[in-house]
Amino acid sequence: MASYVKGLSFFIILCESYFSERCVKDCSKKVRTAFRTKVMNDEYTGGYPAFGYQKAPEDRHHRISNEFTPVVKRRMFKMALERVSCYHAAKTMEAKQILTPRAYICDKHGKYVTNEMVEHPYA
């Protein structure tokens, strides 16, 4: 009788394990499908918009250009076209005290707690 109970409990554990794993696989497939659908519909799936963009007020899945950062973006692309090295571009931005994109998000949204510990947010 004891071996029957052990065998039965082992079978129950196997069944629970199988069904929980199937559930996890099913959920992950649904999440991947949902993200793929959002990408195909040209919707934004990230947490924060890229530097120079902001969430559209009427639809959070779309991004619009930010009115405060085009000057900085133009300056960065101009330096890239002039073949200025990344080091010199960063030093130029630091001299003019332009925040890094991550420090900008931290300043604007109050996120990225680890960035608050950085001593040089301009470099």
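This is a predicted model: local features need pLDDT of at least 70, side-chain atom pairs count only at pLDDT 80 or more; totals for chains, interfaces and linings use all residues.
Okay, the layout. We've got four helices and two strands, and going along the sequence they come as α-β-β-α-α-α. The protein has 123 residues, and 15% of them are buried.

Now, what's in the largest nonpolar core? Seven residues: Phe51, Val72, Met79, Ala89, Met93, Ile98 and Tyr104. The elements that put two or more residues into this core are helix H2, residues 70-81, and helix H3, residues 86-95.

Let's stay on H3 for a second, with Thr92, which sits in that helix. Is Thr92 buried or partly exposed? Its relative accessibility is 28%, so we call Thr92 partly exposed, given that buried means under 20%. If you want a distance to look at on the model, go from Thr92 to Met76: they're 16 residues apart along the chain, and their C-alpha atoms are 9.9 Å from each other.

Last stop, helix H4, which covers residues 101-109. The buried residues to look at here are Ala103, Tyr104, Ile105 and Cys106. You've met Tyr104 already, as one of the seven in the largest nonpolar core. Then, just past the end of H4, look at Gly110: that glycine has a positive phi, about 75 degrees.

How values were computed:
Residues are numbered from 1 along each chain as its sequence is written. Side-chain values use heavy atoms; hydrogens and water are left out. Buried means under 20% relative accessible area, exposed over 50%, partly exposed in between (1.4 Å probe, protein chains only). A nonpolar core is a set of buried Ala, Val, Leu, Ile, Met, Phe, Trp, Tyr and Cys residues joined through side-chain atoms within 4.5 Å.
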